[in-house]
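Hello,

Here is the structure I promised to pass on to you. Have a look at it first, and then read on for my notes on what turned up.

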Amino acid sequence: MTHRGSRLLHVGSLSRVEGEGALRLHVHDGTVTEARLEIYEPPRFFEAFLRGRSHTEPPDITARVCGICPVAYQMSACAAIEDACGVTVDPVIGDLRRLLYCGEWIESQALHIYLLHAPDFLGRASAIELARTHRAEVERGLRLKKAGNSLMELLGGRAVHPVNVRLGGFHRVPTRDELRPVAEELKRALDDAWDTVRWVAGFEFPDARVEADLLALAEPDTYAIESGTPTVLRADGTTDTFPVRDFTERVAETHVPHSTALHSRLDGRLHLTGSLARFAISGARLSPVAVQASVAAGLGDPRDGAVCRNPFRSILVRAVETVYAVAEALRIIETYTPPARPYTEVPPVAALGHGATEAPRGVLYHRYELDADGIVTSALLVPPTAQNQGAIEDDLRRLAQRAIGEGDPDDSELTALCERAIRNHDPCISCSTHFLDLTVVRT
């Protein structure tokens with residue numbers, strides 16, 4: 001079927017993403033001339049809220065940016081302010097932060113895999129519908145999410161918007177006895193994580209390729225989570241690194257008329273951050289069990305240079321990262337000895353500080369300027385979804401063009417494809433505003 005003239009398609013909202021937005025496709029004589037991801041959620045104004053606050057407050061305030069990845073905001077805030085004040089925390093506190101972050105990775109990746117993304121591959125409209133036909137699998141996903149929540153509750157005080165994190169560490173640290181039941185739950189979760197890998201490996205994946213540059217943090221000896229050096233893997237295969245303090249010199253944010261979220265470019269080019277970028281850049285530093293999971297998932301051995309650029313297969317990478325996070329949490333718990341103090345004092349300094357960590361959805365950058373009394377005079381938050389919007393639009397444009405070229409799908413088919421393409425990237429739209437209404441114009 002060939003569509004002539006102008007056509008307008010409106011879908012109320014995109015399901016199974018965090019937040020609200022719209023997509024506008026303009027098709028002229030069979031060519032997609034425009035694909036715009038229109039995020040219309042009201043701006044959140046968190047950067048303005050932070051100005052005039054004490055330097056001790058951003059970890060608590062920014063945790064409210066997102067109910068799914070609050071730890072990412074807390075850890076990036078702590079990293080930036082401690083950088084400004086020239087403070088390095090006790091290594092054991094660093095391990096506990098990584099442990100807390102593992103909890104967030106587990107719960108967030110399990111949520112995405114089972115409740116948001118898997119229904120696309122199994123022809124189900126929702127996780128509720130999926131549970132009617134795949135009850136055991138959905139229950140497994142909920143168990144995994146609960147294991148991650150248990151870590152967040154113990155270390156963070158609660159699973160949503162943790163309250164135990166503070167500048168320099170924690171208000172209170174757990175005892176070894178308190179960690180034992182969580183470790184037992186994580187041992188069972190490791191089996192569930194492995195079953196997740198085997199399950200998603202059986203899905204059918206459309207062919208696709210992300211052509212954007214990839215950006216992730218990297219550490220020399222471990223898979224980067226709570227710290228690292230920004231590292232770029234360009235589409236041509238070349239690599240580059242830069243210090244966190246140069247983030248805004250390399251990643252430029254701009255306003256676009258069709259979105260309340262900023263768009264970003266890395267050195268003037270589209271870039272993507274998140275699971276695909278982490279696996280491509282740091283996959284060789286995954287633990288042995290995670291490498292085994294990668295091979296079992298059909299991704300190959302990252303130590304041999306395996307890279308995944310197919311966004312539909314990102315669910316495989318998230319499953320591998322879930323195995324990694326569970327095993328890493330068990331490793332930290334096994335060697336844990338409580339520190340002498342739960343936190344390091346962070347006296348205020350008039351300075352500028354930078355911090356970046358790996359949220360489940362990608363690199364999250366914070367920058368704070370403090371005066372001599374520790375009052376925040378300026379704040380900048382650059383969330384991963386805002387960075388990814390340009391690459392998502394490019395992905396949508398190319399996928400829609402290929403679909404139109406291969407079979408000229410009707411509007412309902414094109415809507416379904418666009419929804420899947422957006423969910424591939426697990427956008428956190430509310431974080432990015434500081435889908436899906438779908439409009440297709442055919443001329």
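UniProt, in an unreviewed entry, gives the feature "binding site" at Glu47, Leu381 and His434. Please keep in mind that what you see is a predicted model. Glu47 lies in helix H1, which covers residues 46–50. Is Glu47 buried or exposed? Its relative accessibility is 16%, and because buried means under 20%, Glu47 counts as buried.

Now for the chain as a whole. Its secondary structure consists of 14 helices and 14 strands. Along the principal axes, the C-alpha atoms fill a box of roughly 70 × 45 × 40 Å. The radius of gyration is 21 Å, which agrees with the value near 22 Å that a compact globule of 443 residues would have. As for burial, 61% of the 443 residues count as buried.

Helix H12 (residues 384–407) packs with helix H13 (residues 411–423) at an angle of about 145°, and their axes are 10 Å apart. The crossing of these two helices, H12 and H13, is right-handed. Which residues meet there? From H12 come Ile392, Asp395, Leu396, Leu399, Ala400 and Ala403, while H13 brings Leu414, Leu417, Cys418, Ala421 and Ile422. Sorted by class, the contact of H12 with H13 has ten nonpolar residues, one charged residue and no polar ones.

Conventions:
Residues numbered from 1 in each chain as written. Predicted model: local features only at pLDDT ≥ 70, side-chain atom pairs only at ≥ 80, totals over all residues. Heavy atoms only, no water. Axes fitted to C-alpha atoms, helices over the stretch in contact; angles between N-to-C directions. Helix = DSSP H or I, 4+ residues; strand = E, 2+ residues; numbered from the N terminus. Left-handed = near helix turned anticlockwise from the far one by under 90°. Contact = heavy atoms within 4.5 Å. Nonpolar A, V, L, I, M, F, W, Y, C, P; charged D, E, K, R; others polar. UniProt positions renumbered as here; feature names shortened; annotations may be inferred. Buried < 20%, exposed > 50% of the residue type's maximum accessible area, 1.4 Å probe, protein only. Rg over C-alpha atoms; globule rule 2.2 N^0.38 Å.
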